[in-house]
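Student: Could we go through a structure together? I would like to ask about it piece by piece.
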Amino acid sequence: MNGRYVVRKIGQAILTIFAIVLLNFLLFRMMPGSPERVLLRNPFLTQEKIAQVRKEWGLDKPLIPDQLVGYVKATAVGDLGYSLKFRGQSVVDVVASRFWPTVILIGLAEIIAIAVGLSAGAYAGWRRGSTGDRVASGTSLILYSMPYFVIGMPLIVIFAATLGWFPTSGMLTPGANSGSFVGQLGDFARHLVLPLTTVSLGLIGGYSIIMRSSIIETRSEDYITTARAKGLRDDRILRRHAFPNAMLPMVTIIAINLGYVVAGAITVEVVFNWPGLGTLTVDALSSRDYPVLQGVFLLLSVAVVFANLVADLIYGVLDPRVRT
Amino acid sequence: MTAPALPAGVRPVVVASPATGARGAIRQVLGRPDGLIGFLILVVFTALAIAPDLLVGPLQTAITGSGPRLGPPSAAFPFGTDELGRSILNLLVHATRISMVIGFLATIVTVVIGAVLGIVSGYVGGRFDALTMRIADFFLVIPTFVLAIILTAIIRDVLGTGSREVFGIRLSLLTIVVVIGITSWSSTARIIRSQTLSLKERAFVDRARVVGASSGHIMRRHILPNVMNLIVANAVLTFAGAILTETTLSFVGLGDPFQPSWGQLLDAARSVGAPGLGAWWYFVPAGTCIVLVVFAFTLLGSALDAVLNPKLRSRR
């Protein structure tokens, strides 16, 4: 891969992350709980005391560059301040404790959705106009129109409230941690099934629709005609020639889509009371815990930017045409 | 900017719509099954949104709700009741109005920001273009939903949520309109910009420039009419996205209980534990409405795309 391409992509990613930090800084100044506003609201504070505190916190210095530099430095070493709701805990600790449940949920859902969505889309596009295509495309379009939580709520009614196959909420049964590791894992898995199904279903629709049009576009390429002329079997052309090439744009789309998946996952976590970053976001929102909200925003943004960078680099390896 | 008097024959040229014109395009869209179905669904929801009071009476409150608590559908309450004894049907029709109006306003804000920035940066080019597109890319990459949550909360806390109303919509909900506009203009801007770039090189724009038309005049009279088709097609898809974003923001607790939207109803259903209690009637109607409307916009959007796109392709 061309070195300049890699450097440019990494440079862009760093710039984007810097812009996110800058935005976070500005939001901190706008928000109602900013230190100055809180100070000014207290009627018992003397002017001297306010001035002293402002000096202590560096608030007397100009916003740009002094305060901004201080903020960037603190963010760079992982100091995001303290949570307002979980008193005494740093934002990093609060966010870190909710990180893995979300990663497991989104990660597994992505794997399932990529496998199912891409195959369904490829099949529908290859057999364009067939009954199978109509059913797959119709289902995908309806799934695509559904917010994730609209998929999740009926699942609870059917599989948890009525049939009782799976628990309605949470990640582990409270108080049932006496069992073995295997037993705990089973408990975790039972809790995971419904939220995971929900996020996967939400993703499958979009992936399948895009894969379908990508395959349809690929079908008219010269190399497919060549493969046909060579007398290759139909499913072999699909698998070895059309599918890999139609996958190319999907790499980028899956990465870009991650930003939307995050939004969907937040609501699914709320529906199932899954203790991840989504429920943390909503809890922080309802108690106006801005430091935590911004910590979550920073973490998710950096994760999405990183995923996009990885996708760009993978794309560079897969498609020789972009290595300029 | 004074527009120079155009000599005869240098009328603004509209290349995007051929002889058939806009009316022809509409006929073509409605002639397709997907376009027609999408259109009909939207007609029904628009009718519901226009006069909810006439259809189901004024919005019920905790005081005027007269039904059983969380009662299943019955003859008196065809869609059942909520935890305060209010008719779900009543809430649903009123929510239709709120959701559709917010979606509509948010779409206008988004498309206007996107179209203006797209046309200007495509036409003017240079540093303005580079900066605008950088910002657009930034918004395309970051998880805008989380940003929307933070922005909505901050704007509300700063402005305070009084009971002031604009267009019959409470200020708290207008915040959502503005936030959706701020966070979702970028894809519109990108699409309009690339179309502007190709229009800019065409002969009729050169002609106008040679006769002495100002940039503002060219953008308004020559570029805008030619990207109008694209703007409309894009607005249809933006509407679907705006409804989904509004729903999701309301669902995480940023709705207004005094003016419930579909998302707000779903949030209420979730917070009283309706799914776990098996009270499906509380959330299925609102969920169905959301899916139907978004589905209708997607159908209409793809029909529009199919009608307008061949022309776009042949021009490349």
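Student: Which residues have the most contacts inside the largest nonpolar core?
Tutor: They are Val262(A), Val296(A) and Ile149(B), and the core has 159 residues. A nonpolar core is a set of buried Ala, Val, Leu, Ile, Met, Phe, Trp, Tyr and Cys residues joined through C-beta atoms within 7 Å. A residue is buried if 20 or more other C-beta atoms lie within 10 Å of its own, exposed if 12 or fewer, and partly exposed in between, with C-beta atoms placed from the backbone.

Student: Which helix gives the largest share of this core?
Tutor: Helix α10 (residues 215-254) of chain B does, with 18 residues. Helices (H or I, at least four residues) and strands (E, at least two) are DSSP runs, numbered from the N terminus.

Student: What should I know about the model and its labels?
Tutor: This is a predicted model, in which local features need pLDDT of at least 70 and side-chain atom pairs count only at pLDDT 80 or more, while totals for chains, interfaces and linings use all residues. Residues are numbered from 1 along each chain as its sequence is written, and chains are lettered from A and ligands numbered from 1 in the order in which they are written.

Student: What does Ile149(B) touch?
Tutor: Leaving out residues up to four places away in sequence, Ile149(B) touches Thr281(A) and Leu285(A) in chain A, and Leu249(B), Val252(B) and Leu254(B) in chain B. Two residues are in contact if their C-beta atoms, placed from the backbone, lie within 7 Å.

Student: How many residues of each chain are in contact with the other chain?
Tutor: On chain A there are 45, in contact with 36 on chain B. Two or more residues on the chain A side come from each of α1 (3-30), α7 (131-145), α8 (148-162), α11 (234-272), α12 (277-286) and α13 (290-318). That side has 33 nonpolar, 11 polar and one charged residues. Here Ala, Val, Leu, Ile, Met, Phe, Trp, Tyr, Cys and Pro count as nonpolar, Asp, Glu, Lys and Arg as charged, and the others, Gly among them, as polar.

Student: At what angle do α13(A) and helix α6 of chain B cross?
Tutor: The axes of α13(A) and helix α6 (residues 144-159) of chain B cross at roughly 160° and come within 9 Å. Axes are lines fitted to C-alpha atoms, for helices over the stretch in contact, and angles run from 0 to 180 degrees between N-to-C directions. The angle makes α13(A) roughly antiparallel to α6(B), a term for angles over 145 degrees.

Student: Which residues make that contact?
Tutor: From α13(A) they are Leu293(A), Gln294(A), Val296(A), Phe297(A) and Leu300(A), and from α6(B) they are Val146(B), Leu147(B) and Ile150(B). Seven are nonpolar, one is polar and none is charged.

Student: Changing topic, how many helices and strands does chain A have?
Tutor: Chain A comes to 13 helices and zero strands, whereas chain B comes to 13 helices and two strands.

Student: What share of each chain is buried?
Tutor: In chain A, 35% of the 324 residues count as buried; in chain B, 47% of the 316 residues do.

Student: Is Val92(A) partly exposed or buried, and why?
Tutor: Val92(A) is partly exposed, because 16 other C-beta atoms lie within 10 Å. Its place is in helix α5 (residues 91-97) of chain A. Val92(A) touches Gly78(A) and Leu80(A), not counting residues up to four places away in sequence.

Definitions and conventions
Angles under 35 degrees count as roughly parallel, over 145 as roughly antiparallel, 65 to 115 as roughly perpendicular and the rest as oblique.
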